[in-house]
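Colleague: I want to learn how to read a structure like this one. Please show me, feature by feature.

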Amino acid sequence: MWTHRDRILALVNHEEPDRIGISYSAAPEVNKALKEFLRIQTDEDLLEYLGVDLRYVSPRIKYKASDIHYADPTVEVTSDGILKDIWGVGFVEKKTQVGTYIQLTYHPLQSIDSIEDLESYPWPTADLWDYSDIPHQMERLKDYPVFIHSRGFFEISWFMRGMDNFLVDLSLNPALACRLMDKVKNYLIARLVKGLEAGKGRIDFVELNDDVGGQNGLLISPAMWRDYIKPRMKEMIDVAHSYGARIMYHSCGSVRAIIPDLIEIGVEILNPVQPRAAGMDPKGLKRDFGDKLTFYGTIDEQETLPYGKPEDVKVEVLERIRYMAPGGGFIISPCHSIQPDTPLENIMALYSTALEYGIYKK
C-alpha cells in the first residue's frame with residue numbers, strides 16, 4: 001500500500017508507483033464552495049477527497065495587524081486602508097463580482113537613489129516568526145510528503161522598488177539592484193534555515209516561489225537572469241539541499257529559456273507548467289527534460305478550467321496523463337490557483353479523471 005509520501009518520492013525519482021501525483025490550490029471562495037457542494041467540513045477533508053498528495057508546513061508569524069494579506073503577513077494597516085507587509089510593501093483589497101483580490105499599490109523603496117539608503121532601511125528578520133510548531137504540524141502528516149515555502153528575492157525586490165525602477169536598476173545600476181536582492185535573499189535564507197532546522201531532516205521539499213516568466217517569455221533577458229538571478233538562486237538551493245530537501249521551483253509563465261539552467265543549479269520539480277505560455281507545451285517539456293525534472297501542474301487555468309465544459313477538462317487531463325505520466329515525474333494540478341469563476345463541475349472533472357485514469361498498470 002503506497003503512502004502519499006512514498007508515491008511522491010518515487011515519482012520525483014522518476015519511478016512509477018501506483019498512480020500519478022495530485023495537487024490542488026484554489027482561492028478561498030473555491031474551497032468554501034467545494035466543501036458546501038461535497039458536504040465536507042474541513043479543508044483537510046477536502047484535500048483527502050480530491051486525492052491530494054502534498055502537505056505544507058509553516059512557521060507562525062508572531063504579530064499581524066490583519067488576516068488580509070498577500071504573500072507575507074500584514075503588519076500594519078494605514079489610516080487610508082493600505083495593508084503593509086513585513087517589507088513595507090503596500091496592498092489594498094479589491095472586491096469583484098466573483099471574488100476578492102489583493103492589489104499592489106505601494107513600493108517603499110521607489111524613491112531611493114543609493115546603496116546607503118538600502119542600508120538604513122528597517123529590514124525584517126527571521127525572528128518575526130515562531131518555528132516551534134513545525135514539529136507538531138509534521139507529526140500530523142506522517143504519511144505525506146511535506147514542503148516548506150520560501151518566497152523569492154526577485155519578486156520581493158521589484159515589489160519594494162517598483163517594477164520599472166528595478167528593471168532600470170538591473171540595466172543601469174546593477175550594484176544597487178544586486179545589493180537589494182542580497183538584502184532580501186539573506187532574510188529568506190535565514191528564515192528557511194530556521195524552518196528546516198525545526199523540521200529535523202523530515203522536510204522533503206522547499207517550494208521556492210519567484211515568478212520570472214510572462215506569457216511570451218522571461219521578464220528579463222536570459223543573459224541578465226544568468227548574471228544576476230541564477231547565482232543567488234543557487235545559493236538558496238544549496239542551503240535546501242544541505243538539509244536533505246529537494247527543490248520545487250515555482251514560476252508562472254514562460255521559463256523555457258532557462259530550464260537547462262534550473263536543472264544545472266539543482267531544481268528537481270518545476271511548477272506550474274502554464275501550457276498556454278510560450279514554449280511551455282507539456283509534451284515538449286516532457287520529451288526534452290522529462291528524465292531530469294518532475295513536472296507539477298499543466299492543467300490550463302486560462303481557458304480550459306474556467307471556460308470549458310467538464311468533457312473538455314477530462315480530455316485535457318487524459319492527454320496530460322498519456323504524455324506526462326510514463327517514467328514518473330508528474331504531479332497533476334491546475335497551472336494556477338483555481339479562481340472563483342471556475343465551474344465546480346470542471347474542478348470535479350479534473351480530480352475524478354486524475355484519480356480514475358492516472359493509474360500505473362503493472
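Modeller: Start with the helix α14, residues 344-357. Helices are DSSP runs of H or I, at least four residues, and strands are runs of E, at least two, numbered from the N terminus. This is a predicted model: local features need pLDDT of at least 70, side-chain atom pairs count only at pLDDT 80 or more, and totals for chains, interfaces and linings use all residues. Residues are numbered from 1 along each chain as its sequence is written, and side-chain values use heavy atoms, without hydrogens and water.

Colleague: How many residues has α14, and what does it reach from first C-alpha to last?

Modeller: The expected span is 1.5 Å times one less than the number of residues. Helix α14 has 14 residues and reaches 20 Å, close to the 20 Å expected.

Colleague: Which residues of α14 are buried?

Modeller: Buried means under 20% relative accessible area, exposed over 50%, partly exposed in between (1.4 Å probe, protein chains only). In α14 the buried residues include L344, I347, L350 and Y351.

Colleague: What is the order of the strands in the sheet?

Modeller: Two strands pair if DSSP finds at least two bridges between them. Here 8 strands form an open, parallel sheet: β1-β14-β13-β12-β11-β10-β9-β2. The edge strands, β1 and β2, each pair on one side only. Strands β13 and β14 pair over 5 bridges.

Colleague: How many disulfides does the structure hold?

Modeller: A disulfide is a pair of cysteine sulfur atoms within 2.5 Å. This structure holds 0.
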